[in-house]
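Subject: Structure for your review

Dear colleague,

Please find below the structure that I am handing over to you. I would be grateful if you could read the notes that come after it with the model open.

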Amino acid sequence: MFVSFRLKRTYLFALCAAAAIAAVVWTFGHTSKTAAVSAKNTQDSVRLPIIMYHSILKDPKYHGKYVVSPQTFESDICFLQKNGYETVGVSDVVDYVKYLKPLPAKPVMLTFDDGYYNNYLYAYPLAKKYNVKIVIAPVGYYTDVYAEKDADHPNYSYLTWGEMAEMMSSGLVEFENHSYNLHYSNKKGSRLGAKRLPGESRYLYDSMLKNDLGKMQERMKEKTGCVPLAFVYPFGAFSNESVHVLRQMGFQATFLCTEKINLITHSKDCLYSLGRFLRPSGPSSTSYFKKVGICAKP
Ligand SMILES: [Zn+2]
């Protein structure tokens, strides 16, 4: 009995000692990590250019403001990698802001709006080939209503939930909320994207956002198991009054179409109204990125 107690005491002591050592090691490791963060980002801030693509198609007759070729996207990736840029997802940026996890020295984010099937067909294989991250913002209604019945056509099909889940499982593709069904701008008298209507009460506006954006969050969770972290304003149409509701709903970042480089700090506020640069067809990667403020290494 006594021996057994002694043994237990010895065992307990050993356990406590191990825990204490582990705690010291963890604390030391944690402190070193924190030190590494501040060493890497001396200003506690990092410049983040975000690029905005939509469709990717091979046929040149479709190329324009919202459609680029697979070659253009591939050339952009090669340009960025050659010049030391590393792609990040929304979760990487949120982790930097909230948990001080380091970002690459030269981060860049590649986003795709509207959830076209051609993103799966052309962008996803290139993302895998070059091991780059991409962020896609689909419209839930398009997927629910059109994706299954008009599947697999590069020109007009939308992503299915299954394709989204498959891309997500690669760890290279993140999906954000582009509304469930607010992506229209040409109906007479209707709102533009998620913008507040003139004279609309705050109560009705807040309820509309909660219903529509909330439905997309639910569909994403139900169909892919993941809940988007960010809201991408359709057409970049923004109302100040939306900010409070979106924060309340748990969105940690929002994206606009304002062309500016973002300064990411450790304040959560910097993640709202992120700017993006539209990538049209036409300019070479070198001249396009020069305009964005990303220059080739000398
Ligand atoms: Zn859109």
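The notes below begin with the whole chain and then turn to individual sites.

Please keep in mind that this is a predicted model.

The protein chain contains 9 helices and 12 strands. Of its 298 residues, 45% are buried. Its accessible surface amounts to about 15100 Å², and carbon and sulfur atoms account for 58% of that area. When contacts between residues at least 6 apart in sequence are considered, 68% of them join residues at least 24 apart.

The next site is the metal. Which residues coordinate the zinc ion? They are Asp-114, through OD, and His-178 and His-183, each through NE2, at 2.0 to 2.2 Å. Along the chain, these donors follow the spacing D-x63-H-x4-H. His-178 has a relative accessible area of 1% and is therefore buried. His-183 is also counted as buried, at 13% relative accessibility.

Aromatic rings deserve a separate look. The model has 16 aromatic pairs. In one of them, the ring centres of Tyr-142 and Tyr-158 are 4.6 Å apart and the planes meet at 40 degrees, so this pair is tilted. Tyr-142 belongs to helix 5 (residues 140-147), whereas Tyr-158 sits in the loop between helix 5 and helix 6 (161-169), so the pair ties together parts that are 16 residues apart in sequence. Are these two residues buried or exposed? Tyr-142 is buried, with a relative accessible area of 13%, and Tyr-158 is buried as well, at 14%. A second pair is formed by Phe-231 and Tyr-233: the ring centres lie 4.9 Å apart with the planes at 70 degrees, so the arrangement is edge-to-face. Phe-231 and Tyr-233 are both buried.

Tyr-142 and Tyr-158 are also members of one aromatic cluster, together with Tyr-116, Tyr-141, Tyr-146 and Tyr-180.

Arg-219 is located in helix 7 (residues 202-224). Its relative accessibility is 17%, and a residue is called buried when this value is under 20%, so Arg-219 counts as buried. The side chain of Arg-219 makes a polar contact with that of Glu-222, at 3.1 Å. Beyond its neighbours within four places in sequence, Arg-219 is in contact with Asp-144, Trp-161, Tyr-180 and Thr-224. Arg-247, for its part, lies over the face of Tyr-272, at 4.1 Å from the ring centre.

Yours sincerely,
A colleague

Terms used. Residues numbered from 1 in each chain as written. Predicted model: local features only at pLDDT ≥ 70, side-chain atom pairs only at ≥ 80, totals over all residues. Heavy atoms only, no water. Helix = DSSP H or I, 4+ residues; strand = E, 2+ residues; numbered from the N terminus. Buried < 20%, exposed > 50% of the residue type's maximum accessible area, 1.4 Å probe, protein only. Contact = heavy atoms within 4.5 Å. Areas by Shrake-Rupley, 256 points an atom, 1.4 Å probe, with all protein chains shown as cover. Polar contact = N/O pair within 3.5 Å; in protein donor to acceptor, adjacent residues only side chain to side chain. Donors = N, O, S within 2.8 Å, 3.2 Å for Na, K, Ca; no water. Phe/Tyr/Trp six-rings, centres within 6.5 Å; stacked < 30°, edge-to-face > 60°. Lys NZ or Arg CZ within 6 Å of the ring centre and 35° of its normal.
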